[in-house]
Amino acid sequence: MYQFLQDNSLYLVLAISLMGWAGIFFYLKRLGARISRLEKQDKS
Amino acid sequence: MKVFQAILGFWLTAVILCAFLFPIVPEITRWYEFPVIPGLEQKARILFFHVPLAWTSVVGFVVSVIFAIRYLRTKKLDDDIRSSSAAGLGLLFCALTTITGSIWAKFSWGSFWNWDPRETSIFVLLLIYGAYFALRSSVQEDDKKATLAAVYAIIAGVTMPFLMFVMPRIIASLHPDPIINTQGKVSMNGTMLTVFLSSLAGFTGLYFWIYSLTVRLARLEFKRSSEGE
């Protein structure tokens, strides 16, 4: 297992980076939608 | 806004894929290969994230100064919200720069922290902007808080270029500079430079997306707290 991780460390870092970016992206999208809902509530 | 978000999503995904999948080779024969940077080798890949994070923190601090000056001229609390939001994001990106830099330092120099001039200057910058938020939280009255914070943000903004760009270049440092060195020469090939500049653009876009969300959220908080009084 350790050998596999060492041999493929670049792909492991790539996978972690992509997952991190996807998490940030969808979190920001959800946050934007929530803020829009609150802004609409405030206007009405 | 949705189009911007979609473009940014694809853009930064492409940057991440290129940064990790394009091979680093001693002799370039194909368009998608990166040159070996002596002393950095595979570690050079962090350049595509560490430098754009530092750049984005500079953008945050500059935006903070601009709105601090605007607040002092107009006395509109909305400018104070914009200034403090920008400073907060600048501080966040500065902390991320420090973390990625420490990871880089661990693999290049053997330890996470070495009190190198560049590390020391970014640490001082973190303290300066940390004190900005301590100052804001110590004053209750909105107008007084905004005025004090605006003056402080301008002073902090003046120190920022010195700490980020001048000090690390006038004192001998372990920090690598064969990529963008003191003579201003860029030792990258076209592909590497394209990915690097794309990363800078992507991170700047990400900054402005988060900034717009932070400002909208701060406005809502301010509106609700002033209605509650």
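Modeller: A:D42 and B:R224 form a salt bridge in which the closest N and O atoms are 2.8 Å apart; the term denotes a side-chain nitrogen of Lys or Arg within 4 Å of a carboxyl oxygen of Asp or Glu. The pair crosses between chains, from helix α6 of chain B, which holds B:R224, to helix α2 (residues 9-43) of chain A, which holds A:D42. Helices here are DSSP runs (H or I, at least four residues), strands are likewise DSSP runs (E, at least two), and both are numbered from the N terminus.

The model is predicted: local features need pLDDT of at least 70, side-chain atom pairs count only at pLDDT 80 or more, and totals for chains, interfaces and linings use all residues. Residues are numbered from 1 along each chain as its sequence is written, chains are lettered from A and ligands numbered from 1 in the order in which they are written, and side-chain values use heavy atoms, with hydrogens and water left out.

B:R224 counts as partly exposed because its relative accessible area is 39%; buried means under 20%, exposed over 50%, and partly exposed in between (1.4 Å probe, protein chains only). A:D42 and B:R224 also belong, together with B:K223, to a network of salt bridges. Across the interface of chain B and chain A the rule finds 3 salt bridges, while the count over all chains comes to 8.

The interface also holds 6 residue pairs in polar contact, both residues at pLDDT 80 or more. Such a contact is a pair of N or O atoms within 3.5 Å; within protein, one must be able to donate a hydrogen and the other to accept it, and residues adjacent in sequence count only if both atoms are side-chain atoms. On the side of chain B that touches chain A, the elements giving two or more residues are α1 (2-21) and α6 (190-228) of chain B. By class, that side has 12 nonpolar, 4 polar and 4 charged residues. Ala, Val, Leu, Ile, Met, Phe, Trp, Tyr, Cys and Pro count as nonpolar, Asp, Glu, Lys and Arg as charged, and the others, Gly among them, as polar.

In terms of extent, 20 residues of chain B are in contact (heavy atoms within 4.5 Å) with 18 residues of chain A. The two chains bury about 1800 Å² between them, 74% of it on carbon and sulfur atoms; this is the accessible area (1.4 Å probe) lost on putting two parts together, summed over both.

Chain A itself has 2 helices and 0 strands. Its C-alpha atoms fill a box of roughly 60 × 15 × 5 Å along the principal axes, and buried residues make up 14% of its 44 residues.

Helix α6 of chain B, which carries B:R224, also includes B:S199. B:S199 is buried, since its relative accessible area is 0%. Leaving aside neighbours within four places in sequence, B:S199 is in contact with B:V15, B:F48 and B:P52.

Within chain B, a further salt bridge joins B:R82 to B:D78, with the closest N and O atoms 3.4 Å apart. Both residues lie in helix α3 of chain B, 4 residues apart, about one turn of the helix. B:R82 counts as partly exposed because its relative accessibility is 24%, and B:D78 is likewise partly exposed at 28%.
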